[in-house]
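Work through these exercises with the sequence and the model side by side. Try each task before reading its solution.

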Amino acid sequence: MKRLKMLGLALAGFAAVLGTEGTAIMAEEPIIIAHRGASGYLPEHTLAAYDLAIEQGADYIEPDLVMTKDGHLVVRHDPWLSDSTDVADHPEFADRKRVIQGMDDWWSIDFTLAELRTLKAKQVRPTRGTEADGKYDIPTFDEVIALAVKARAEGRDIGIYPEVKHPALFTQSGLDPTAAVLEALGRVEAAGVPYFLQCFEPAWLKSVEGKVKGPRILLIDGKEDAPNTPALPLSLAVAEGFDGVGLYKELLVSAEGHPTDIVTRAHNAGLKVHVWTVRQDQVGPNFETVEQEFKAIFASGVDGIFTDYPDIGIAVRGSFDLMKPPADID
């Protein structure tokens, strides 16, 4: 009953933002961001997963950026490697395993790009098939950029939404993520590929102010009404001059299961709002299906949604388009 109650509340909010004639709820159509590519179907952060996301019609593909020992940007969700690659199956790298920040694993900063090229990607989430494990390489950011440039040349309206992961860790390790990211984004800009730049570390995001042309998005975790969480106030994003926030989806729901006003407050502060992450195999606790969850989040007025299943997000977004009045005919 709680799930159905939440759905009713969400859809009531949806009805409230429709015009009296049942017109569109949003001035601009929210973007669908392929979270780590179409990662619900293929191993995350592989060129195949990004390519599938583009084929499915995603507006942006999201590469997470970590660094190699020799200073290259490669695409992994984390700097540790055991959960997303077959590194544990390589005896030649057994002695590379070590503890960093209390975690015993293999780390990207201990591998050259050439060494990482010998690894293969694998499925991270146990709810998904492993048929494609071992088929795909670990790509560089350059390769993802090239994929987007090629897709745009072929008529696809695709952008890139990189997340810089753990920049402080890489800096402490003697690497320079800032220089590498700025150099790569310079080529993205020169190629005319639209992009957003996101990070959980506000100090790093602030450090590139005036050095990038794309909007800077501060990622915010946790629930605002819960004690001892890492949630950051919207006022920080405003004070630091960021362009938007990437909100954990549970920030849209109170502890009692009611919609919060965080999207309205963010918009009133001039911030874009992108929400993460909607998954078919991990539906939010207040919903019966992923389609219901998409509808409720769209209804909250967000500017974009991160999802592992871009095709489903696009289909649900299309159902909103059906409510738009026909264009005037001259």
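**Exercise 1.** Which side chain of opposite charge is nearest to Asp64, and how many Å away is it?

*Solution.* Start with the ground rules. This is a predicted model: local features need pLDDT of at least 70, side-chain atom pairs count only at pLDDT 80 or more, and totals for chains, interfaces and linings use all residues. Residues are numbered from 1 along each chain as its sequence is written, and side-chain values use heavy atoms, with hydrogens and water left out.

Step 1. Locate the residue: Asp64 lies in strand S3, residues 64-67. Helices (H or I, at least four residues) and strands (E, at least two) are DSSP runs, numbered from the N terminus.

Step 2. The nearest side chain of opposite charge is Arg36, 4.3 Å away. Lys and Arg count as positive, Asp and Glu as negative; His and the chain ends are not counted. A salt bridge needs a side-chain nitrogen of Lys or Arg within 4 Å of a carboxyl oxygen of Asp or Glu. Asp64 has no salt bridge, yet is buried. Buried means under 20% relative accessible area, exposed over 50%, partly exposed in between (1.4 Å probe, protein chains only).

Step 3. Look for another polar partner. The Asp64 side chain makes a polar contact with the side chain of His45, at 2.8 Å. (A polar contact is a pair of N or O atoms within 3.5 Å; within protein, one must be able to donate a hydrogen and the other to accept it, and residues adjacent in sequence count only if both atoms are side-chain atoms.)

Step 4. Widen the view. Not counting residues up to four places away in sequence, Asp64 touches residues including Tyr50, Glu163 and Lys165. Contact means heavy atoms within 4.5 Å.

**Exercise 2.** Which residues of helix H2 are buried, and where around the axis do they lie?

*Solution.* Step 1. Within H2 (residues 47-56), the buried ones are Ala49, Tyr50, Ala53, Ile54 and Gln56.

Step 1. They cover an arc of only 160° around the axis, which puts them on the same side of H2. The arc is that of the directions from the helix axis to the C-beta atoms.

Step 2. Look past the helix end. Gly57 follows H2, with a positive phi near 100°.

**Exercise 3.** How many residues of helix H10 are buried?

*Solution.* Step 1. Eight of the 10 residues of H10 (residues 290-299) are buried, so the helix is largely enclosed by the rest of the structure.

Step 1. Name some: Phe294, Ile297 and Phe298 are among them.

Step 2. Gly301 follows H10, and its phi is positive, near 90°.
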